[in-house]
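Trainee: I would like to learn how to read the features of a model that is new to me. Could we go through them one at a time?

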Amino acid sequence: MSRRDKARPSSSRKRSQKSNDILLRRWAGRKPVLAAGDDESYEEVPRPSQPKRLCHYLEVLYEKRGSNREEALASIIEVLTCRLENDYLEENFATFLYRGLSSLEKGSSKEKQLSLHVIGLLAIIICCEDKLSEVRRVLLPVLSEGLKSGTTTLKMLNCLAIVGFFSSTNSEETESAMQIIWKFIDPESVNDVNTKKHSPEVLVAAIYSWLFLLTSMEGWRLSHNSWNGAVCYFSNLLEHGDKLVRVAACEALALIFETGNLDKFWKEAKDHSNYSHMQQSLRENVLKKLKCLYLDTRSENIPRSENITKKVCEVVNYFESFQCLGTSLTINGKDLKLSSWYQMIQLQFLKKFLNDGFKIHMKENEKLQHLFEFNPRRIKNLGPELYVSTTDKITVRFFLPEERNAETLTKENKKKERVWRNSLLEKARTQLMSKHRRMSEEMNCCDYD
């Protein structure tokens, strides 16, 4: 056997194979990384991990370790703030709701706050009325008892307002949620002997939660006896030591005047014969207190006072002219214009709850779009518009042969002829309906001003 015919040693084959591997890696543009203990072996570059989905975080909510559940709840909030996930929430609605309730019962203070926020997002996103009614039915008693304990009060008030706003199907259900908050704001109105003075921060949150629910009510649907002391209570708060409380009170009075049913919030208006005179005197008294508040906030040179001064100035202008200055917000290049106090309060409350996700929800959440009468697909005309017909004639051409002589056909052939001709007609009819459907979708995708 010649030397050329001899088999190559195994060690030589291995070195040759590794050399080829090195060349291939270099050709691929990868930097070789030496592994420990072997100067000719290299480790693969790890691929970036894929982002975890909601199903993963939902499974973590069943774990016993509280810190893991807190992280999962925070991740769920982050996901639902950035995207709606309607289908997944509808399918796993019960799990989200009752795991959240479980966290409320035995979780830490942080876990309770996070679970309340998740349930609030659930109420904003879910569209099924039966599921929303279940959220309201199981949550309101829990929140009513929770407000008495004094823990996680701010989140409870926000969650109660959100759930009451989006899950109530009639005025009675909305007012029941308002009653829970009102008993918390003014315990003396229900003769509660265990009254506790709230901090300014908690009182402001309670007032805005109550006002947010009030914005969903039409004035004539309000109860005649439930809110008789509201005007007197908010008028007294205009002399409160905290300026934010005074601002919340003046916004509350502006919204009450805007409802057009002052007599349902002010018992003195019912007993007095000269209603217009009483209304005018109340308006002057409120304006006097508001101007004092305006001067106090204007004298302070701190950033927070600038926002307070602007808000008070808007309320003063409203009581002087009974016209809201309104505001506008640009979302995805489209203008959202608001011109009433109830819309301003809704915008303020939802922006605070959703934070950076408000604009995302306005672009995708049909419930919020309907609430603010906002269409993100609307295209504004920039010039003169030519006449365009609202309907176009749609036709479909198809070939239908002449009928064959029935006398020359057997009974079976006649049946086949009839089925064949009907199938041609059905096919043409289907094509016509498809064209109608496509045209309708194209017309609906853009709503021109």
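**Aromatic pairs and their surroundings**

Mentor: The structure holds 17 aromatic pairs, where rings of Phe, Tyr and Trp (its six-membered ring) pair if their centres lie within 6.5 Å. This is a predicted model, in which local features need pLDDT of at least 70 and side-chain atom pairs count only at pLDDT 80 or more, while totals for chains, interfaces and linings use all residues. Residues are numbered from 1 along each chain as its sequence is written, and side-chain values use heavy atoms, with hydrogens and water left out.

Trainee: What describes a pair of aromatic rings?

Mentor: A pair of aromatic rings is described by the distance of the centres and the angle of the planes. Planes under 30 degrees apart count as stacked, over 60 as edge-to-face and the rest as tilted. Phenylalanine 257 and phenylalanine 319 form an edge-to-face pair, with 5.1 Å from centre to centre and 80 degrees between the planes.

Trainee: Which parts does the pair of phenylalanine 257 and phenylalanine 319 tie together?

Mentor: Helices (H or I, at least four residues) and strands (E, at least two) are DSSP runs, numbered from the N terminus. Phenylalanine 257 lies in helix α12 (residues 243-259) and phenylalanine 319 in helix α15 (residues 303-321), so the pair ties together parts that are 62 residues apart in sequence.

Trainee: Is phenylalanine 319 buried or exposed?

Mentor: Buried means under 20% relative accessible area, exposed over 50%, and partly exposed in between (1.4 Å probe, protein chains only). Phenylalanine 319 counts as buried because its relative accessibility is 0%, and phenylalanine 257 is buried with a relative accessible area of 9%. Phenylalanine 257 also forms a stacked pair with phenylalanine 322, at 6.0 Å centre to centre and 20 degrees between the planes. Phenylalanine 322 lies in the loop between α15 and β3 (327-331), so this pair ties together parts that are 65 residues apart in sequence. At 35% relative accessibility, phenylalanine 322 counts as partly exposed.

Trainee: Which residues do ring pairs link into a cluster?

Mentor: Ring pairs link Trp182, Trp210, Trp227, Tyr233 and Phe234 into a cluster.

Trainee: How should I read the surroundings of serine 235?

Mentor: Contact means heavy atoms within 4.5 Å. Leaving out residues up to four places away in sequence, serine 235 touches Leu253, Leu282 and Lys289. Serine 235 has its place in helix α11 (residues 230-237) and counts as buried, at 9% relative accessibility.

Trainee: Which elements do the buried residues of α5 pack against?

Mentor: The buried residues of α5 pack against α2 (54-60), α3 (66-82), α4 (86-91), α6 (109-125) and α7 (129-149). Among these buried residues are Phe93, Phe96 and Leu97.

Trainee: How much of the whole protein is buried?

Mentor: Buried residues make up 40% of the 449 residues in the protein, and the secondary structure comes to 19 helices and six strands. Among contacts between residues at least 6 apart in sequence, 68% join residues at least 24 apart.
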